[in-house]
Amino acid sequence: MHNLLWAMANLYDYITILITWLFVFAFLYNLSTSINKPDKSLAQISFIMMVSYTSSMVMDPQTATPHLNLFLFDAATILTLMMWAGFFIKNKPTAFYYLIVGLSFNAFVFFGMHYDSIVLGNMEFWWFWGLYGIGQLTSDLVMAVVLFTNKDILGLVKVKNYLVRRLGTY
């Protein structure tokens with residue numbers, strides 16, 4: 001696992017470009033499919049994700065605190081999506097929930113990596129690095145796929161609906 005993560009680190013730029021292009025294509029796809037539809041919400045959240053991921057590419061990963069910067073990008077994107085949902089939409093698309101969960105997970109692992117590597121100064125591999133390396137990439141891929149399909153592929157919306165019914169709150 002340790003060697004896999006170092007190999008992924010060597011491919012960081014290529015993986016970042018691939019993920020960013022997936023969000024660009026998701027936006028273009030949703031824009032083209034929403035032309036004759038009254039509901040443009042999927043195109044709008046795809047645009048927010050495209051802008052977020054494209055703008056984060058200009059950040060130099062060799063800065064002193066790259067994980068903290070990525071955490072801040074994800075937190076700002078979550079805030080933007082929440083404000084969008086609060087002001088502009090009544091029926092949130094399925095992809096909205098996946099974006100919130102995926103970005104929250106990413107923010108968590110980015111902050112954890114910042115704390116582990118910068119604050120604590122740890123440079124020894126341990127399980128959290130594996131969670132970061134595999135989980136963050138998987139989260140980004142799932143978010144991109146759900147922007148294309150707008151389907152509840154992992155059952156997150158079913159879990160949300162169950163919890164809302166069970167707890168009786170929103």
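Is asparagine 150 buried, partly exposed or exposed? In this predicted model, asparagine 150 is partly exposed, because its relative accessible area is 24%, and buried would require a value under 20%. Asparagine 150 lies in the loop between α6 and α7 (156-167), and it has a positive phi of about 55° although it is not a glycine. Most residues other than glycine have a negative phi.

**Helix pairs**

Two packed helices are described by the angle between their axes and the distance between the axes.

| Helix pair | Angle between axes | Axis distance | Crossing |
|---|---|---|---|
| α2 and α3 | about 155° | 8 Å | left-handed |
| α3 and α4 | roughly 160° | within 10 Å | right-handed |
| α5 and α6 | roughly 160° | within 9 Å | left-handed |

The pair α2 and α3 packs at an angle of about 155°, which makes α2 roughly antiparallel to α3, since angles over 145 degrees count as such. From α2, the residues Ile19, Thr20, Phe23, Val24, Ala26, Phe27, Asn30 and Leu31 meet a set in α3 made up of Leu42, Ala43, Ser46, Phe47, Met49, Met50, Tyr53 and Thr54. By class, this contact of α2 with α3 divides into twelve nonpolar, four polar and no charged residues.

On α3, a further contact is formed with α4, where the axes cross at roughly 160°, so that α3 is roughly antiparallel to α4. Here α3 contributes Ser41, Gln44, Ile45, Ile48, Met49, Ser52, Ser55 and Ser56, while α4 contributes Phe73, Thr77, Thr80, Leu81 and Trp84. The contact of α3 with α4 has six nonpolar, seven polar and no charged residues.

Helix α5 (residues 94-119) and helix α6 (residues 127-149) have axes that cross at roughly 160°, and α5 and α6 are therefore roughly antiparallel to each other. Their contact has 17 nonpolar, six polar and two charged residues.

**Nonpolar cores**

The largest nonpolar core has 26 residues, and those with the most contacts inside it are Phe23, Ile45, Met49, Leu81, Phe96 and Leu147. The elements that give two or more residues to this core are α2 (12-33), α3 (41-56), α4 (66-88), α5 and α6, with the largest share, seven residues, coming from α5. A second, separate core of eight residues includes Val109, Phe110, Met113 and Tyr132.

Among the residues with the most contacts inside the largest core is Leu147, and leaving aside residues up to four places away in sequence, leucine 147 touches Phe23, Ala26, Asn30, Leu42, Ile45, Ser46, Met49, Ala95 and Leu99. Several of these partners also take part in the helix contacts described above: Phe23, Ala26 and Asn30 belong to the α2 side of the contact with α3, and Leu42, Ser46 and Met49 to the α3 side. Ile45 and Met49 are likewise among the α3 residues that make the contact with α4.

**Valine 145**

Which helix holds valine 145? Valine 145 has its place in helix α6, and it is partly exposed, with a relative accessible area of 40%. The C-alpha atoms of valine 145 and phenylalanine 23 are separated by 9.1 Å, although these residues are 122 residues apart along the chain. Phenylalanine 23 itself is one of the residues with the most contacts inside the largest nonpolar core.

Definitions and conventions. Residues numbered from 1 in each chain as written. Predicted model: local features only at pLDDT ≥ 70, side-chain atom pairs only at ≥ 80, totals over all residues. Heavy atoms only, no water. Axes fitted to C-alpha atoms, helices over the stretch in contact; angles between N-to-C directions. Helix = DSSP H or I, 4+ residues; strand = E, 2+ residues; numbered from the N terminus. Parallel < 35°, antiparallel > 145°, perpendicular 65-115°, else oblique. Left-handed = near helix turned anticlockwise from the far one by under 90°. Nonpolar A, V, L, I, M, F, W, Y, C, P; charged D, E, K, R; others polar. Core = buried A, V, L, I, M, F, W, Y, C linked by side-chain atoms within 4.5 Å. Buried < 20%, exposed > 50% of the residue type's maximum accessible area, 1.4 Å probe, protein only. Contact = heavy atoms within 4.5 Å.
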